[in-house]
Amino acid sequence: MAITVVIADDQEMVRTGFRMILESQPDIEVVADVVDGEAALTAVEQYEPDVLLLDIRMPKLDGLEVTRRLSERAAARPGTGRRPRIVIVTTFDLDEYVHTALRNGASGFLLKDASPAMLVEAVHAAAVGDSLISPAITVRLLRDMAPAHPAGPVRAPSEPLTDREADVVRCLARGATNAEIAAELFVSLSTVKTHLANVQLKLDARNRVEIAAWAWESGLAAGSA
């Protein structure tokens, strides 16, 4: 079944561009595009999309408030309908916005200058419960979050990472997409996915963001900046 998407942005050119990019994919269907936050909430009720792409600065309700309300609605009415995975797509990469969006349950945070491939990957990641954040934001956040002197030992993998797995993780830690990792390491996309799946198991990590955070905490990412 196709991944259903609602796009919420007050700029018609942005909505049109996103729709064209996403609908070029055989497994993605854009069921609605709307111009403000209130319309986004209505569209979620009507279509129950898998993924909601949200701008931050919109009329009536901004994307952060929409994210908060959907999170509260899901908590208040468990089991009464699917809550969409939310990906914030904005021109503003202020740390306050990033932290608020992720704290309120967003699954991703992209800048509008992200490549079409990254937009598609963010939708795919969100649809399966994973997270994807723009590379520049990812690196900055994870660097800030990683303590210079960890209070305790850094979690060790259940098995040592192979050299190639370590290469993949270093690329991931600086925010590279799967496609970019494949191109840099001269391997196939499926090989990258296999390596990441193996690393995820070894680290007992929930998603790629946790893998990247571990890379910074453990010092593996130190040479990837």
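This is a short chat about a predicted model of a protein chain.

Me: What should I know before I start?
Reply: The model is predicted: local features need pLDDT of at least 70, side-chain atom pairs count only at pLDDT 80 or more, and totals for chains, interfaces and linings use all residues. Residues are numbered from 1 along each chain as its sequence is written, and side-chain values use heavy atoms, leaving out hydrogens and water.

Me: How many helices and strands does the protein chain have?
Reply: The chain has 10 helices and 6 strands. These are DSSP runs, numbered from the N terminus: helices are H or I, at least four residues, and strands are E, at least two.

Me: How much of the chain is buried?
Reply: 47% of the 225 residues. Buried means under 20% relative accessible area, exposed over 50%, partly exposed in between (1.4 Å probe, protein chains only).

Me: New topic. How many salt bridges are there?
Reply: The structure holds 12. Each is a side-chain nitrogen of Lys or Arg within 4 Å of a carboxyl oxygen of Asp or Glu.

Me: Which residue pairs with Lys202?
Reply: Glu165, with the closest N and O atoms 2.8 Å apart. Lys202 is in helix α9 and Glu165 in helix α7, 37 residues apart.

Me: Are those two buried or exposed?
Reply: Both Lys202 and Glu165 are buried.

Me: And where do Asp167 and Arg170 lie?
Reply: Both are in helix α7, 3 residues apart, about one turn. Asp167 is partly exposed at 26%, and Arg170 is partly exposed at 29%.
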